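Please look over the fold and the charged side-chain contacts of this protein. A short report follows the structure.

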Amino acid sequence: MSYRPYQQITRRRSRQIRVGKVAVGGDAPISVQTMTNTPTTDVAATIDQIRRCELAGADIVRVSVPDEESTGALARIVPEVGVPIVADIHFHYRRAIEAARAGAACLRINPGNIGSRERVREVVRAARDHGCSIRIGVNAGSLEKHLLEKYGEPNPEAMVESALWHAAHLQELDFHEFKISVKASDVFLAVAAYQQLAEACDHPLHLGITEAGSRRTGTVKSAIGIGSLLWAGIGDTIRVSLSDEPEEEVRVGWEILKALHLRHRGVKIISCPSCARQGFDVIRTVEALERRLEHIQVPITLSIIGCVVNGPGEALLTDIGLTGGGAGRHMVYLAGRTDHTVEGGAMIDHIVELVERRAEAIRAAEAEAAGRAALAAE
């Protein structure tokens, strides 16, 4: 897909690692992560939640393993899901070793609380033996004591120093399959830390604003923090942290990537805020369409505009467009061109049908192209 010059983002060049089947860094697509919030020992509930996250578009899912019972449950969870699982480790390095044996694709360790160098060495040995990658997860809220004493408070320099020290330790152990995060709940602190870290190394970076808050507050903070870094070309995988269901984190993550034209999945709805000129209830219409089109995975753009002021112009740039008209009839655009009208009562069902039909046509074309490529390769 081609873009205008002002829409181009030049990504930072980073090394590439693998989290199971998902490539992270280099020229790999920016992946979307989330984390379960069910008790890991409740295997059925955790599997169900991971599968819902998969349907929402999660590439990678993190699962907390605070005790031995949880790592035991992980061994039963991993074979039942289709996405790579990251084991979240705090304090107890033995949980990392157990998680690697249980089939985790990546081990997330927090250098500030994992323990001694020897314990990290044991974790690295387990990761190497079982084909795991590692995430060095530096957090402003749990920096090492000596760094807090040195800098007086969590700041970008302290976070970057922590990250690079632990990265050097892994490299000394000849382990290079790792990514780094330097998260903070303060947007300024997190962004500054990531900017400094991006300049100092070529390791793949996992982006996030930690403890960002509720759906509304956390979405805004994450869009500002993660979005500004991605716009600058920084970041290889992201997790939006919300006090909400993990599926919502995935949806917000995708919307950030879609807004920056970094990845495309599902229906991108362009809609007006509505005003007295609207020919139909734009707000309720968009709510209904978002809900009914969640199952669409192929990228399609849809404009929903209440009147003719901006409707035709927006429709020029979308696959399907709807613009409010008079007497209860509204104009439908296909591929940017005026096509037909639809009555208000049938409008939502009609747009859903058009989108589904468009999605099926795209899938059929992709399958045909793949078939031709396979024949050419024989």
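## Sheet

Strand 6 (residues 106-109) and strand 7 (residues 133-139) run parallel and are joined by 4 bridges. Across this pair, isoleucine 109 stands opposite isoleucine 136 in strand 7. Helices (H or I, at least four residues) and strands (E, at least two) are DSSP runs, numbered from the N terminus. Two strands pair if DSSP finds at least two bridges between them.

The open sheet has 8 strands in the order 8-7-6-5-4-3-10-9, with parallel pairing. Strand 8 (178-183) and strand 9 (206-207) are the edge strands, each pairing on one side only.

## Basis of the model

This is a predicted model: local features need pLDDT of at least 70, side-chain atom pairs count only at pLDDT 80 or more, and totals for chains, interfaces and linings use all residues. Residues are numbered from 1 along each chain as its sequence is written, and side-chain values use heavy atoms, with hydrogens and water left out.

## Helix 1

Helix 1 (residues 43-56) has 14 residues, which at 1.5 Å a residue should span 20 Å; its end C-alpha atoms are 20 Å apart, in agreement. The expected span is 1.5 Å times one less than the number of residues. Glycine 57 follows helix 1, with a positive phi near 115°.

Val43, Thr46, Ile47, Gln49, Ile50, Cys53 and Ala56 of helix 1 are buried. Buried means under 20% relative accessible area, exposed over 50%, partly exposed in between (1.4 Å probe, protein chains only). The buried residues pack against strand 3 (31-35), strand 4 (60-64), helix 2 (68-77), strand 5 (85-89) and helix 10 (246-259). Contact here means heavy atoms within 4.5 Å.

## Salt bridges

A salt bridge is a side-chain nitrogen of Lys or Arg within 4 Å of a carboxyl oxygen of Asp or Glu. The count comes to 25. One of them joins lysine 150 and glutamate 161 (2.9 Å, N to O). Lysine 150 lies in helix 6 (residues 145-151) and glutamate 161 in helix 7 (residues 156-172), so the pair ties together parts 11 residues apart in sequence. Lysine 150 is exposed at 52% relative accessibility; glutamate 161 is partly exposed at 28%.

Arginine 251 meets glutamate 294 at 3.8 Å, N to O. Arginine 251 lies in helix 10 and glutamate 294 in the loop between helix 11 (282-292) and strand 12 (300-305), so this pair ties together parts 43 residues apart in sequence.
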